[in-house]
Amino acid sequence: METGTISRLLQPTKVPSSSFANFTSNSSICCSQKRLMPACHSSHGGREMNSDEREITVLSSEPTLKKSSVVGGLSLHRPVHKRDVVGKTFCSVGLSTYPGSIVESSSQTAEEKIGVLLLNLGGPDTLHDVQPFLFNLFADPDIIRLPRLFRFLQRPLAQLISVLRAPKSKEGYAAIGGGSPLRKITDEQASALKMALETKEVPANVYVAMRYWHPFTEEAVHQIKRDGITKLVVLPLYPQYSISTTGSSVRALQNIFKEDSYLSRLPVAVIESWYQRQGYIKSMANLIEQELHNFTKPEEVMIFFSAHGVPVSYVENAGDPYRDQMEECIFLIMKELKAREINNDHTLAYQSRVGPVQWLKPYTDEVLVELGQKGVKSLLAVPVSFVSEHIETLEEIDMEYKELALESGIENWGRVPALNCTSSFITDLADAVIEALPSTMAMSPSTGTEEEVDNDPMQYFLKMFFGSLLAFVFLFSPKMVSAFKKNIL
């Protein structure tokens, strides 16, 4: 079996790119997946929600009023077009991490209790957590998008990949202190955001929900319900929208809300992406400008934007706007730098690809080699799609890519830190939350049509029979085994 077979298995189904259908398409599994976690944590599931789309006018991420696509009660704010980290504080505010990943406000009135839910990827706290974390990641149908006939293989495939990849991943986490700092930093961002909102006289409880590790979305939602929140703004900590990040996290949230009578009536607004906000753009430009001053000849430095990649099929077949938003984001940052008379050359590349499918190009590792060959001597790496330090900045960029760059002839290396709790960044997030509050509305009930189709006994039998037969042929082919070892591991 050729490697192209796996590529075909991972092709997403075409969905509209201009609507919430990016992550509610009938071509993808919506029920929450069982994850590896302690028995005390329960998971929630439910039927696929059919979209009921309509238009309302809300305050957007920009000063003027914009249209926001609202589907199923979720208001989506769309845009116009080896470092040792143990005990290290990445935030600029002196706040401690809050247990339970919730920052409460005591000054809210009885009539209204505002909640803000921060969505992030999550990461293993210890090396022991690496394999179950990877299982949760690859068990997500928005990460590995199998055709409907093969979806029963999602969990077995996730288990296989997680077991085989765990040793290498553990080496990476061991190099940055034995675990991911993402939860600690996100908790600190929640604390800083709560303070910024109170400064603006908008008291709110701020919660953290991780997609693939604690605190899981279910844990955060349980606390939101227990606290009696009456209005909720969902803020993904991904500047640019992608099916595999914001889309997956909001899908998980939908599945929980639609099965609960209280949550289904809760007014909710989702800020879908915010890469074009001036506060974010200026904060990024500030960090870049500061780091350029560390070079002997700042004007000769190549500004190297490195973004997390996604499979090309997500963009070309499933309508994922990630590439377009990323390119516009870079344009806006460079425009801001040029306004400050910083006219350095720049380039954009994509990192963290895995598997045999084609990912967005150019690839970071390949571009670094090419720049060295072209005589570039000074380079400033900018992790543009990450707002918190984690393994892809601390290990992949700071260690792997730095070593590759120096080996390729680049002599002077620098890296812009992630935004973390930069005050201007947190202030802008607070403004985004306040602007989203008027657009909150309750979710619409699901019709359940999708589940009725999927639960048809004859269709289920046929899927299992033919899917199992094809899976046996594919997975036990010598060429498939060889391709799997080469491309997945």
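At 6% relative accessibility, N344 counts as buried (buried means under 20% relative accessible area, exposed over 50%, partly exposed in between, with a 1.4 Å probe and protein chains only). A quick note before we dig in: residues are numbered from 1 along each chain as its sequence is written, and side-chain values use heavy atoms, leaving out hydrogens and water. This is a predicted model, where local features need pLDDT of at least 70, side-chain atom pairs count only at pLDDT 80 or more, and totals for chains, interfaces and linings use all residues.

**Exercise 1.** Find what the side chain of N344 reaches.

Step 1: Go to the loop between α10 and β10, where N344 is found (helices are DSSP runs of H or I with at least four residues, strands runs of E with at least two, numbered from the N terminus).
Step 2: Look for backbone oxygens. That of P298 lies 2.7 Å from a polar side-chain atom of N344, and the one of V301 is reached at 2.9 Å.

**Exercise 2.** Check the span of helix α10 (residues 322-339).

Step 1: The expected span is 1.5 Å times one less than the number of residues.
Step 2: With 18 residues, α10 should span 26 Å, and its end C-alpha atoms are 26 Å apart, so the two agree.
Step 3: See what comes next: E341 follows α10, with a positive phi near 65°.

**Exercise 3.** Work out whether P203 is buried or partly exposed.

Step 1: Locate P203 in the loop between α4 (182-199) and β6 (205-210).
Step 2: Its relative accessible area is 22%, so P203 is partly exposed.

Notes:
Polar contact = N/O pair within 3.5 Å; in protein donor to acceptor, adjacent residues only side chain to side chain.
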